[in-house]
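Hi,

Here is the structure I promised to pass on. Have a look at it first, and then read my notes below.

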Amino acid sequence: MTMGETTIQVDHVSKVYRLYEKPRDRIKEAFSLSRKVYYKEHYALQDVSFSVCRGETVGIIGVNGAGKSTILKIITGVLNPTQGNVAVNGRISALLELGAGFNMEYTGIENVYLNGTMIGFSREEIDKKLDDILAFADIGDFVYQPVKTYSSGMFVRLAFAVAINIDPEILIVDEILAVGDVAFQQKSLSAVCLR
């Protein structure tokens, strides 16, 4: 991949949700012979297009409900668009919401390996990165405890340490870093800016 090459291409993406007034309206609609519509359409995104090139840092800003998290989930493949296309060229690592990609019953170490494997790394590759991940997370012996016992700050430290130390070509971060303390937020921003 060369500098200036397009890594994310979003073309005319829309995401429409069906909003039902009552849960039973879904069932009524499913069995309706008259094809009566029991929902209102809500556009979380409507005809969004943009591209991101290698080496660029892009921020998506908007009011609550503007579709920021929705577009990030579509880019990472967590959600499918109702219309349009997204193309991603490169290994992607994403921190979208607290808990995504982690098994709460597993220890921190087990989750490092689980998450790394899900991203496409071999056990040997994760072994080589483990010391850097643990040093960046800086949660001490808690890494040997189930993550369900972690504070939200400890959890986000470990999740971010995994995401940043696997050398992603594309790193997508939603509001998850708002959970950490100020020192960790600064450390995280420095790590992102150095890549």
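What follows is a walk through the fold, the sheet, the helices and a few single residues.

First, the ground rules: this is a predicted model, so local features need pLDDT of at least 70 and side-chain atom pairs count only at pLDDT 80 or more, while totals for chains, interfaces and linings use all residues. Residues are numbered from 1 along each chain as its sequence is written, and side-chain values use heavy atoms, with hydrogens and water left out.

**Overall**

The chain comes to six helices and five strands. Here helices (H or I, at least four residues) and strands (E, at least two) are DSSP runs, numbered from the N terminus. Read from the N terminus on, the order of elements is β-α-β-α-β-β-α-α-α-β-α. Of the 195 residues, 35% count as buried, where buried means under 20% relative accessible area, exposed over 50%, and partly exposed in between (1.4 Å probe, protein chains only). As for contacts (heavy atoms within 4.5 Å), 69% of those with a separation of 6 or more are between residues 24 or more positions apart.

**The sheet and the helices lying across it**

Three strands make an open sheet, ordered β2-β1-β3, with antiparallel pairing. β2 and β3 (83–88) are at the edges with a single partner strand each, so one side of each has no neighbour in the sheet. From one strand to the next, the twist averages 20 degrees. Pairing here asks for at least two DSSP bridges between two strands; β1 (residues 6–20) and β3 are joined by five. If you want a place to look along that pair, D11 stands opposite N85 in β3.

Two helices lie across these strands. α1 lies across β1 and β2, at about 95 degrees to β1. α2 (residues 68–76) lies across β1, β2 and β3, at about 120 degrees to β1. For all the angles here, axes are lines fitted to C-alpha atoms (for helices over the stretch in contact), and angles run from 0 to 180 degrees between N-to-C directions.

Helix α3 (residues 108–119) has twelve residues and reaches 16 Å from its first C-alpha to its last, close to the 16 Å expected at 1.5 Å a residue. That expected span is 1.5 Å times one less than the number of residues. Which residues of α3 are buried? They are G108, I109, N111, V112, Y113, N115 and G116, and they pack against α4 and α5. Just after α3, G120 has a positive phi of about 115 degrees.

α4 and α5 pack at about 140 degrees, with their axes 8 Å apart. That makes α4 oblique to α5; under 35 degrees would count as roughly parallel, over 145 as roughly antiparallel, 65 to 115 as roughly perpendicular, and the rest is oblique. On the α4 side, K129, D132, I133, F136 and A137 meet R157, L158, F160, A161, V162, I164 and N165 in α5.

**Some single residues**

R18 lies in strand β1 and, at 47% relative accessibility, counts as partly exposed. Leaving aside neighbours within four places in sequence, R18 is in contact with R26, E29, Y39 and K40.

Is D25 buried or exposed? D25 sits in helix α1 (residues 24–31) and counts as buried because its relative accessibility is 7%. Not counting residues up to four places away in sequence, D25 touches Y20 and Y38.

Most residues other than glycine have a negative phi. D47, in strand β2 (residues 39–53), has a positive phi of about 55 degrees although it is not a glycine. D47 is partly exposed, with a relative accessible area of 47%. D138 also has a positive phi of about 55 degrees without being a glycine. D138 lies in the loop between α4 (123–137) and α5 (152–165), and its relative accessible area of 52% makes it exposed.

Cheers
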